[in-house]
Amino acid sequence: MELPLVEMAAATGLDFYDEPGPINSAQGLLLGISNGIFLCVGGLGNTNRIAVYARFKGCANTSAMLGALKQDRAMKKMYSVWKADVTPQTVLWSFCKPLRFDQEEFAAATEAFKATITNFTAPFDLTKCERCAAAVQDPLLANGCPMSICAACQTRAKKENEAQRNTYESGSSRQTRAFALGLTAALIGGSVVGLAAYMDNDKWGNYHPTFRIALTALLAFLVVLVVKRGVGRMNRATCVMASMLTAIGRILGDILSYGLVIAKNEHIAFNTELVKWTAFHLLRLKWDFSPLLFAFDGLIVLAAAELCWISRPKFALTFKKFPMPRS
Ligand SMILES: [Zn+2]
């Protein structure tokens, strides 16, 4: 979904900033400060939802604020299904982009949202650091999240962040346990995938490539999920292990499905001998059956390691200048 962020900025008086921010918006953020309350607007992650996010110093009665937001008429015009996540310092209101998205109505809803938040919360004093109350010049963006923070607290936050990273890096890595769990998942998943492929395969050559590729992808997701849960913290070896286990599951599934198809077509028993023969000729069988599937399965096996690697927690913490508000 493409949001008309530039037009939305013009309608709401907010400023466009090309960062994902606290709502993880793929297209960038609209940012603003209103009486000590930080506002962020954008897409919610990769979903087709619009997010309106506010950060303030504190809220004594979050349920009363939630109730007031829910009652707001201008806001109601934007959504049919209500969703709001409230913490003592933040509110995240999100809704599906309406089919007929009216900039003016959206601006009015944002204004109403801001007014309600202002009524129920204590604002930040933007001349002070929100952590230690030392004097500060301008607000900053910490990993895209607006805040009022002094230089000393920035250094402290970076140190805390570094300490968290070290705790993670030196934490226990249960590779053996992850391997045992991952292997179990690969064997069970591989068997299911093999049987499903056999069902799909009435005759040689009569099959649904997308279905087969999806089966391998599902197997990879299952293995990565189980390995991730089992290991505690992930290193390169864990990622390689995820790929290996996915391959093992895929090979088992292939032996099963090709073996069963051969047994059926040749009217022979599916026994140890046939399993051995199929295993021995597996690469050849797989390539002759479908080079496309051969290539995709290979790619998905490699992707399992990549999926593990990118799902490691991220500890980067960067501070950037807040875009200058318009006069
Ligand atoms: Zn401070």
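Which residues does F294 touch, not counting residues up to four places away in sequence? They are K286 and W287, where touching, here and below, means that two C-beta atoms, placed from the backbone, lie within 7 Å.

Before I go on, a word on the source: this is a predicted model, in which local features need pLDDT of at least 70 and side-chain atom pairs count only at pLDDT 80 or more, while totals for chains, interfaces and linings use all residues. Residues are numbered from 1 along each chain as its sequence is written.

To stay with F294 for a moment, this residue is found in helix α11, and helices (H or I, at least four residues) and strands (E, at least two) are DSSP runs numbered from the N terminus. F294 has 14 other C-beta atoms within 10 Å and is therefore partly exposed; the scale calls a residue buried if 20 or more other C-beta atoms lie within 10 Å of its own, exposed if 12 or fewer, and partly exposed in between, again with C-beta atoms placed from the backbone. Between the C-alpha atoms of F294 and F120, which are 174 residues apart along the chain, the separation is 60 Å.

Let me turn to the helix packing around α7. Two packed helices are described by the angle between their axes and the distance between the axes. Here the axes are lines fitted to C-alpha atoms, for helices over the stretch in contact, and the angles run from 0 to 180 degrees between N-to-C directions.

Helix α11 (residues 291-310) packs with α7 at an angle of about 20°, the axes being 10 Å apart, and the two are therefore roughly parallel to each other; in this scheme angles under 35 degrees count as roughly parallel, over 145 as roughly antiparallel, 65 to 115 as roughly perpendicular and the rest as oblique. On the α7 side the contact includes P209, R212, I213 and T216, and these belong to a set that meets α11 residues among them L292, L293, F296 and D297. By class this contact has 15 nonpolar, 1 polar and 3 charged residues, where Ala, Val, Leu, Ile, Met, Phe, Trp, Tyr, Cys and Pro count as nonpolar, Asp, Glu, Lys and Arg as charged, and the others, Gly among them, as polar.

With helix α8 (residues 236-266), helix α7 (residues 209-231) packs at about 140°, with axes 9 Å apart, and α7 and α8 are therefore oblique to each other. The contact is made by residues including T216, L219 and A220 of α7 and T238, M241 and A242 of α8, and by class it has 9 nonpolar, 4 polar and 1 charged residues.

As for helix α6 (residues 175-200), its axis and that of α7 come within 8 Å and cross at roughly 165°, which makes α6 roughly antiparallel to α7. The residues of that contact divide into 15 nonpolar, 5 polar and 3 charged.

Next, the cores. A nonpolar core is a set of buried Ala, Val, Leu, Ile, Met, Phe, Trp, Tyr and Cys residues joined through C-beta atoms within 7 Å. The largest such core has 33 residues, of which L30, L39, C40, V41 and A54 touch the most other members. Two or more residues each come from α1 (5-12), β2 (29-34), β3 (37-43), β4 (49-55), β7 (90-96) and α4 (103-120). Apart from this core lies another, of 26 residues, including A185, L215, V226 and L307. Returning to L39, its contacts are L14, L31, G32, S34, A54 and K114, leaving aside residues up to four places away in sequence.

Two backbone details deserve a check on your screens. Most residues other than glycine have a negative phi, and most peptide bonds are trans. A133, although not a glycine, has a positive phi of about 70°; A133 lies in the loop between β8 (121-122) and β9 (140-142) and is exposed, with 11 other C-beta atoms within 10 Å. N143 also has a positive phi, near 50°, in a residue other than glycine, and its place is in the loop between β9 and β10 (145-147); with 16 C-beta neighbours inside 10 Å, N143 counts as partly exposed.

T272 lies in helix α9 (residues 272-280) and is exposed, with 8 other C-beta atoms within 10 Å, while its C-alpha is 53 Å from that of A316, 44 residues apart in sequence.
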